[in-house]
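Student: Please take one part of this structure and go through it closely. I would like the pairing first, then the packing.

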Amino acid sequence: MMQNRQRSGWKSAVSLIGVILAGILLNLLGTRINEALGLPLFIDDIGTILSAVLGGYIPCITVGFFTNIISGIADSYSTYYCIISVLIAVAAVSFAEKMRKVKIPYVLLAILTFAFLGGVAGGVLTWLINGLSFGEGYSVDLAASINSAVPMGYFASNILSSFLIDLLDKTIVTVIALLIYKLLPKKLVAFIHVQNWHYITVFDKAEKTKRRFLSLRIKTTLVIALSITFVASAAIGISIVHYHNSTVAEYEEDGRYVAKMIAEKIDGDKIGEYLKNGKSVKGYAETEELLVRAASFSPKIKYVYVYRIEKDGTHVVFDIDSPELKADSPGEVIAYDSSIERYKDKFLAGEEIPTDITDDEFGWLLSVYEPVEDSAGKVQCYIGVDMAMNGVRSDEFAFLAKIISLFLGFLILIRTYAVWMAETHIIKPINAIARVSRHSGYDTPEAREKWLTMLSALDLRTGDEIETLYEDYKTAAQNTVRYIEETQRKSEQLTKMQNGLILVLADMVESRDQCTGDHVFKTAAYAEIILRQMQREGIYGDMLSESFINEVVNSAPLHDVGKITVSDVILNKPGRLTDEEFRIMQSHTTEGGKIIDKAIAIVDENSEYLNEAKNLALYHHEKWNGKGYPTGIEGEQIPLSARVMAVADVFDALVSRRSYKEPFTIEKALDIIREESGTHFDPLVVKAFLDAEEEVRRVAKMQIEP
C-alpha cells in the first residue's frame with residue numbers, strides 16, 4: 001500500500017512538472033513564431049490555455065507566471081505583465097470544462113474575457129508602467145487612426161486599439177490550444193485528469209455540513225490570503241519608500257555635484273563687486289556662462305542661482321532661470337522664499353544648508369545650497385541648484401504599477417500553491433476523518449463494521465500530527481466497537497438470564513395450579529401476536545415502539561405473579577368458588593402489583609420493563625366498560641399492555657382445561673371474544689386479535705414446554 005502511494009506521488013509530481021514545462025515551452029514558442037513573422041500580436045498564451053484545460057489552477061497559473069519571468073530575461077518589461085498572464089490563467093480554468101467540450105458560446109465568451117484582460121487591463125497597465133503613456137508601436141498607430149476616424153481621446157483610443165489587437169491574438173491562441181487538446185492521446189488526458197493536483201482550488205465546493213462558524217477550508221484560505229497580502233503589502237510599501245529615497249538621493253547627488261562644480265569656479269573675493277557693478281565687472285560674463293552650461297548638465301535642473309543672504313533680504317549675484325521666467329538682475333534684493341526663510345539663521349551665519357524639498361508656486365523642487373568662500377575663508381554667498389521633481393511622481397507611479405503587478409502575480413501563484421498544500425495535506429484529510437465520523441454507526445453489527453471499514457480505507461499517510469490523530473482515532477474507534485459489542489453481549493446475557501428467571505418464577509407460581517399448564521407461555525405468545533398485528537395495522541401506532549412490545553412480551557409471564565399469595569385450596573378447587581374465595585382470588589391482582597412494586601424499589605431506577613409488569617399484574621382483569629377489578633377503571637384509562645393481556649388471558653382460559661370446566665373449542669372461544677368486544681375488551685385490540693386468527697390458532701394448538 002505504501003509503495004503504491006509513493007509510486008502514485010511520483011507519477012503525480014512528474015505529470016505536473018510535465019504539464020508546466022510543456023505549457024511554458026508552447027508559450028515561448030508562440031512568442032518566437034510571432035516575432036519571426038513580424039506580427040503585431042503576442043501568441044504567448046497557448047500553453048496557458050492548454051494547461052488550464054488539461055490540469056487546472058496549479059499548472060495553469062504556474063505556466064502563466066513563469067512564462068513572463070523567463071521572457072523578462074530578454075525583455076524586462078515582460079516581467080511586469082505577470083499579473084495579466086495569471087488573471088488570464090484563472091479565467092481559462094473557469095471556462096476549462098466548457099472549452100474541453102468545445103461549446104462555442106462559452107468558447108467565444110472565454111475569448112472575449114481573455115481579450116478584455118489582455119487588452120483592456122493590460123492596456124491600462126502599459127499606460128501606468130510608461131508613466132501615463134502608451135509609448136510607441138503598432139497599437140499606438142492604430143489608436144491614432146481610430147481617434148482620427150472617431151474622436152474619443154488619447155486614452156480611450158489606445159485602450160480600444162489594445163483590445164482589438166488582443167481579441168485577434170486570443171482567438172488564435174485559444175483555437176490552437178483546443179486543437180492541441182483534441183489531438184492529445186485520450187489515455188494521456190485521462191491520466192492527467194486523475195492527479196491529486198487536478199482542479200485543486202479554494203473555489204471547490206466543500207461538503208455541506210452544519211457548523212457554528214467558518215469551515216476549516218475558509219479559515220485556512222483566509223489565513224494564507226491575509227498573511228501573503230500582509231507580506232506583499234509590506235514589501236511593496238518598503239520598496240516604494242526605498243525607491244523614493246533613492247530617487248531623492250540621486251537628485252540630491254546631481255544637484256550637489258553641479259553646485260560644487262560652480263563653487264570651485266566662482267571667485268569669492270569678487271562677490272561684493274558683482275553685487276555692486278553687476279555685468280560690467282570683468283569675469284562676470286564668463287562666470288554667468290559657466291552657470292548656463294551647468295544648468296544644462298541635467299534635464300532635472302530647473303534653476304541655478306547665486307545669492308547672498310542678508311538681513312534685509314536675498315541679494316541676487318547670478319540668476320539663471322528657465323526661459324518662461326524673467327531672471328533677477330545682479331544686486332537686486334528680493335524677499336526670502338520659503339526655503340531660504342526656513343534656514344535664514346543658517347544662511348546668515350554662513351553654515352552648511354541641508355537639502356530642502358518644497359512644493360509651491362515654483363513647482364515641486366529639491367534645492368541644494370553650496371557656500372562660496374573668499375580667500376579669508378568667509379562665506380560670501382550661496383550657490384543654489386533647484387532640481388525639478390515633477391518627473392519623480394510619474395516615475396514612482398510607474399514603479400508602483402510595476403511592483404504591484406509583479407507582486408500580485410507572485411501572490412496569486414504562492415496563494416494557489418499554499419491553498420493546494422493546505423487542501424491536500426490538512427483540509428481534505430481532516431474532512432475525510434470528519435465525514436467518516438458523521439457516517440459512523442453503532443446500532444447494528446453491520447453499521448459498526450461499515451464504520452471501521454470506511455475508517456481503515458482512508459489510509460492517511462501525511463507523516464505529521466494529522467496521521468497521528470488518524471491512527472489514534474482509528475484505534476479508539478476499534479476499541480469503542482469492541483466495547484460496544486462486549487457490552488451488548490453481556491446485556492443480552494443479562495436479558496436472557498432475567499427472562500429465564502421470570503419464566504421460572506412464573507412457572508413456579510402457575511405450577512401450584514394443577515390445571516393452568518403452559519398458560520404463562522401461551523398468554524405471552526398471544527400478547528405478542530396482538531401487538532404485532534396492531535403494529536402492522538397502525539392501531540395505537542404512536543405507542544407501539546419496538547421497545548414497548550419487547551417489554552410487554554417479556555414481562556407478560558408475571559401477570560399472575562400475585563397468585564403466589566392465594567391458597568392452593570382455592571387455586572385447585574374443582575367447583576364454584578364462594579364469594580369470599582372469589583374475593584381472595586381477585587386479590588392476586590393487587591398482590592401482584594405490590595410484589596412488583598418491591599422489585600421496582602430494589603432496582604431503584606425508572607424501569608419501563610418493571611412498570612409494564614406492574615400494569616399487567618394489576619390491571620389485566622379490568623374491563624373496557626369499567627366493571628372489572630380491582631380498581632374499576634374503564635376505556636383507555638386501562639394501560640394498553642393490560643388491555644392486550646385481558647384478551648390473551650381470557651382466550652387462553654377459554655380454550656384450556658380448568659379444574660372447574662372443560663376446554664371450549666377455538667371457534668367458541670373466538671365467538672366469546674368477539675361478543676365481549678366493547679364491553680369486556682378494547683374493540684381495537686379484539687380486531688387485531690381476530691385479524692391474526694391464523695397465528696392464534698397455531699399457538700392454541702401448540703404444546704409449549706418451558
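Tutor: What follows takes the sheet and then turns to the nonpolar cores. This is a predicted model, in which local features need pLDDT of at least 70, side-chain atom pairs count only at pLDDT 80 or more, and totals for chains, interfaces and linings use all residues. Residues are numbered from 1 along each chain as its sequence is written, and side-chain values use heavy atoms, leaving out hydrogens and water.

Pairing here requires at least two DSSP bridges between two strands. Strands β1 (residues 301-310) and β2 (residues 313-320) run antiparallel and are joined by seven bridges; V304 stands opposite I320 in β2.

As for packing, a nonpolar core is a set of buried Ala, Val, Leu, Ile, Met, Phe, Trp, Tyr and Cys residues joined through side-chain atoms within 4.5 Å, where buried means under 20% relative accessible area (1.4 Å probe, protein chains only). The largest core has 42 residues, and M99 and F114 are among those touching the most other members. Its largest share, nine residues, comes from α5. Beyond four places in sequence, M99 is in contact (heavy atoms within 4.5 Å) with residues including I49, F114 and L178. Another core, of 40 residues, lies apart from it and includes Y540 and V696.

Conventions:
Helix = DSSP H or I, 4+ residues; strand = E, 2+ residues; numbered from the N terminus. Buried < 20%, exposed > 50% of the residue type's maximum accessible area, 1.4 Å probe, protein only.
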